[in-house]
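Please keep the sequence and the 3D view open as you read.

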Amino acid sequence: MRNPLIVANWKMNGSLEAIDQWVKEFTTFNPLLTEMVVCPPFVYLNDFRTRLLTNALDISVGAQNCSTEEMGAFTGEVSAGMLSDTGCQWVILGHSERRMLYGETNEIVARKAVQAVNAGLKPIVCVGETLEQREAGKTTEVVLSQLNSILDAIGAQELSKGALAYEPVWAIGTGKTATPDQAQAVHEALRVGVESRDSLAASALRILYGGSVKPSNAAKLFACADIDGGLIGGASLKASDFYAIAQASVVPDVIS
Ligand code: PGA
């Protein structure tokens, strides 16, 4: 049985004031068994982590990206080692916004994954198809090629220490969620893809669903056999919604 993992991707949102409010609100909720990770923008990682420690909140901190390089003359970049140095344990890699808006190819994402693993960070690798690819019947082919390039770079075992996130591009920030059946089918194909390399790693790997997850649809998604949690964008900015989603992962059968 895999312990659920719920990850917040704040994207380029937040401020010190918003962080203070989010943490303050979160301290009013009862502790959960679910593992939670919050990924604020780079500049707030330390402020956020300090507030978590001060308030004894059991949430880990992750970044939303890291460099393909270890160090040196790469203006504006942040290395995986630096993230690790500031107490970050996780890093989101290959988010579709980075693939589409910043030209990140499978090869670039794979190089970042190598850096992350070398620095001791747990990668959360995102894969997902566009609407055109889905309509052309290419979903499995696309996500497996994204997965395989990561497996070639870091191996199934290292990936299983982190997580894989299936995020259909057409469902991100659009309010359109994949149905539990649509998501489960892709999650299963991904797990089988990992299984062909390493069956132990495949059964340990947490595969998260992302794309318009909300408190109202989370429980049904998390009740699927191969959905082990979520990568939450918009809804994670509100502490009560993020908490409600995490809560839905604990007892999906009861809530749904
Ligand atoms: P969303 O974003 O929950 O706002 O759709 C998910 C993501 O991009 O990780």
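## Cysteines

A disulfide here is a pair of cysteine sulfur atoms within 2.5 Å. A search of the whole structure turns up 0 disulfides. Take Cys66, which is in no disulfide: its nearest cysteine sulfur belongs to Cys88, 9.7 Å away. Cys66 is also buried, with a relative accessible area of 1%; buried means under 20% relative accessible area, exposed over 50% and partly exposed in between, using a 1.4 Å probe and protein chains only.

## How the model was read

This is a predicted model, in which local features need pLDDT of at least 70, side-chain atom pairs count only at pLDDT 80 or more, and totals for chains, interfaces and linings use all residues. Residues are numbered from 1 along each chain as its sequence is written, and side-chain values use heavy atoms, with hydrogens and water left out.

## The ligand and its shell

Which residues surround the ligand? They are Asn9, Lys11, His95, Glu167, Ala171, Ile172, Gly173, Gly211, Ser212, Leu231, Gly233 and Gly234, where near means that a heavy atom of the residue lies within 4 Å of the molecule. By class, this shell has 3 nonpolar, 7 polar and 2 charged residues. Ala, Val, Leu, Ile, Met, Phe, Trp, Tyr, Cys and Pro count as nonpolar, Asp, Glu, Lys and Arg as charged, and the others, Gly among them, as polar.

A side-chain N or O atom of Lys11 is 2.7 Å from a ligand oxygen. For the side chain of Glu167, the distance from an N or O atom to a ligand oxygen is 2.7 Å. Ser212 uses a polar backbone atom, 2.8 Å from an oxygen of the ligand. The protein covers 95% of the 280 Å² of accessible area that the ligand has on its own, as computed by the Shrake-Rupley method with a 1.4 Å probe; for residues, only the protein chains shown count as cover.

Lys11 sits in the loop between β1 (5-9) and α1 (16-26); helices (H or I, at least four residues) and strands (E, at least two) are DSSP runs, numbered from the N terminus. Most residues other than glycine have a negative phi. Phi of Lys11, however, is near 55 degrees, a positive value.

Gln64 belongs to the loop between β3 (60-63) and α3 (80-85). Its side chain reaches the backbone oxygen of Lys11 at 3.0 Å, and a polar atom of that side chain lies 3.4 Å from the backbone oxygen of Pro40. Beyond its neighbours within four places in sequence, Gln64 has contacts (heavy atoms within 4.5 Å) that include Trp10, Met12, Ile92 and Arg98.

Ser149 lies in helix α7 (residues 139-161) and counts as buried at 19% relative accessibility. Not counting residues up to four places away in sequence, Ser149 touches Asn106 and Ala110.

Ala189 is part of helix α8 (residues 180-195). With residues up to four places away set aside, Ala189 touches Thr140 and Leu144.

Methods. A polar contact is a pair of N or O atoms within 3.5 Å; within protein, one must be able to donate a hydrogen and the other to accept it, and residues adjacent in sequence count only if both atoms are side-chain atoms.
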